[in-house]
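Subject: Structure for your review: charged side chains

Dear colleague,

Please find the structure below, together with its sequence.

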Amino acid sequence: MEQRLSLITLGVADLTAARQFYEHGLGWTKGNDEEEVCFYQLPGMILSLWTRADLAADARLPDTGAKFSGITIAFNTRTHDEVDEVLAQAAAAGGTILKP
């Protein structure tokens, strides 16, 4: 098996707010027309957003409402100086910076 990821799907509490964050806050472009799921084409992979309830139903698992699901996603900047820019943009878009 080739060592790579093709798709990461996040189950979000508020799909509209998540779209606002990625599209208006970070400037990403949604690549599909459906309203119940969002796909963002990234270099070498896709980020998908569903409501948490829909994702749990698709996985045939109960949605326990846990605050931490054991998954993190990282964005590695190309330079150390770019870190502050990316954190500022994410915070301005409504993101919470837990560990600057």
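The notes below concern salt bridges and surface charge.

Please bear in mind that this is a predicted model. A search of the whole structure finds three salt bridges.

E23 counts as buried because its relative accessibility is 16%, under the 20% cut-off. R19, at 22%, counts as partly exposed.

R19 also forms a salt bridge with E35, whose closest N and O atoms are 3.4 Å apart. This pair links distant parts of the chain, as E35 is in the loop between α1 and β2 and R19 is in helix α1, 16 residues apart. E35 is exposed, with a relative accessible area of 55%.

The remaining salt bridge joins R52 and D63 at 2.7 Å, N to O. R52 lies in helix α2 and D63 in the loop between α2 and α3, so the pair ties together parts that are 11 residues apart in sequence. R52 counts as partly exposed at 26% relative accessibility, as does D63 at 37%.

Finally, D33, E34, E36, D54 and D58 form a negative surface patch. One of these, E34, is found in the loop between α1 and β2 and counts as partly exposed, at 38% relative accessibility.

Yours sincerely

Definitions and conventions:
Residues are numbered from 1 along each chain as its sequence is written. This is a predicted model: local features need pLDDT of at least 70, side-chain atom pairs count only at pLDDT 80 or more; totals for chains, interfaces and linings use all residues. Side-chain values use heavy atoms; hydrogens and water are left out. Patches are made of residues with over 30% relative accessible area and no salt bridge: like charges are joined within 9 Å, nonpolar side chains (Val, Leu, Ile, Met, Phe, Trp, Tyr) within 5 Å. Accessible areas come from the Shrake-Rupley method with a 1.4 Å probe; for residues, only the protein chains shown count as cover. A salt bridge is a side-chain nitrogen of Lys or Arg within 4 Å of a carboxyl oxygen of Asp or Glu. Lys and Arg count as positive and Asp and Glu as negative; His and the chain ends are not counted. The place of a charge is taken as NZ of Lys, CZ of Arg, CG of Asp or CD of Glu. Helices (H or I, at least four residues) and strands (E, at least two) are DSSP runs, numbered from the N terminus. Buried means under 20% relative accessible area, exposed over 50%, partly exposed in between (1.4 Å probe, protein chains only).
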